[in-house]
Amino acid sequence: MASIPPDDDAAAAAAAGAAENGYGNGNGNGNGPAPRPPPAKRPRSVISAAQIRAEFEHHEAGVARVNNGSFGCCPSSLLDAQARWQRLFIAQPDDFYFHALQPGLRRSRAAVAGLVNAGDVAEVSLVDNATTAAAIVLQHAAWSFAEGRFSRGDAVLMLHYAYGAVKKSIHAYVARAGATVVEVPLPFPVASADAIIAEFRAALDVAKAGGRKVRLAVIDHITSMPSVVIPVKELVAICREEGVDKVFIDAAHSIGQVPVDVRDIGADFYTSNLHKWFFCPPAVAFLHTRKDDPIASQLHHPVVSHEYGNGLPMESGWIGTRDYSAQLVVPESIDFVNRFEGGIEGIRSRNHEKVIEMGKMLAEAWGTFLGTPPELCGSMVMVGLPGCLGVESDDDAMRMRTMLRKDFMVEVPIYYNSRRVEAQEMAKDKNGDAVTGYVRISHQVYNVTEDYEKLRDAVNKLVADGFTSSKLRPSQKETMA
């Protein structure tokens, strides 16, 4: 019989116990009152700088990688754990499927339940990413319109800065089914959480106009571009006060950046990626739903397979033959973060302090400012670019990002601030030029000060050379070709 590959006797015993209690494929639903995951083994000494470098030596040399936010990072020890699961499957697929997969997934789900203070392992489903989780929630909303539980014209509320894929899913699923989509026009740069709350209340009033029912609010915990930590607990409370049916928190960036307590936040649905800021290999995320909510039994994975109807955790645990290894190493990611002083809390705190320090260094060098106050940042911060660079479109931002990658070996996203809340003036740099472009810098355990100095120097050279984004735009002749 297949054995659990990670070198953690306690974890293996927990998985074996799950198998004995009928949590393998075809022997139960993988839910129930599971014990908390075994405590991660703590080494005698805190991980050293040299060991951190060794864990990430597979990163391309010479690249200033200040964009952990987009794809995350995975240390070598997690890649090794993943490879053990992959070899176990390849060695004997039938044995893996019938005896190892579901106990292993349940072990990971239990680990997530402990991380986010879920009430029961049954409340946690593992999926590929937050986009998949959004599809699960929005698919149900679309069915509610199609089957007459919702009326045509009922509202769905989302932030203007919602992640692009989620915005498209909202339109593909619920707008197409008959929903009225209302956007919250958040300010940027943003001065305080109160400004966000005020705009949310105003947009909710618009959504409720004429007695319209608000069926779903989709709220980011940390917006992607621009990056802002949203006061989700306060917004959820407002939704409850105002009679919003359901609240879905898209927290793709949250785990590893900010504290997450799903019971304290109080949303109906909460999702976060584990491969962005929690060191898992891509791709793995979780979707939390409350066990006592009848809607939990009505959610289904968009990929229908043999476990359909057995509950979302089981449906998500088998969507056909594929590589499940990223979902199986969550306990090993906990072991990894516990090698650092203070565990994940210590990592979060140090990343936050360092990204603010580096952001202020860049802002001072460029004569600009941070896009948000430190309390609205996690491990990412927006820094204004000199206005003379002339970023005037999303295409300008993407071309400049590509140039920084290819010509300067700096990997950083660039945001074009195309939209302002009414009456909000465009912020200006020290020379009086409007700041329309921002870099989003990240800080993770592998980053060093030199990474940010490399970005600083690249932008300073562009300014000194008289560069503007217009120089990268295709000529009219090229666009007509």
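Start by selecting Tyr324, in the loop between helix H11 (312-317) and helix H12 (325-328). Helices here are DSSP runs of H or I, at least four residues, numbered from the N terminus. This is a predicted model: local features need pLDDT of at least 70, side-chain atom pairs count only at pLDDT 80 or more, and totals for chains, interfaces and linings use all residues. Residues are numbered from 1 along each chain as its sequence is written, and side-chain values use heavy atoms, with hydrogens and water left out.

Stay on Tyr324. Its relative accessible area is 3%, so Tyr324 is buried (under 20% relative accessible area, 1.4 Å probe, protein chains only). Show its contacts, meaning heavy atoms within 4.5 Å. Leaving aside residues up to four places away in sequence, Tyr324 touches Leu101, Ser316, Gly317, Trp318 and Ile319.

Next, select helix H5, residues 93-116. The end C-alpha atoms are 32 Å apart, which agrees. Zoom in on Ala100: a kink of about 45° lies there, shortly before the proline Pro103. That bend is the angle between axes fitted to the seven residues ending there and the seven starting there. Of the 24 residues of H5, 17 are buried, so the helix is largely enclosed by the rest of the structure. Step past its end to Asn117, where phi is positive, near 60°.

Cys280 is buried, at 0% relative accessible area.

Key
Helices (H or I, at least four residues) and strands (E, at least two) are DSSP runs, numbered from the N terminus. Buried means under 20% relative accessible area, exposed over 50%, partly exposed in between (1.4 Å probe, protein chains only). The expected span of a helix is 1.5 Å times one less than its number of residues.
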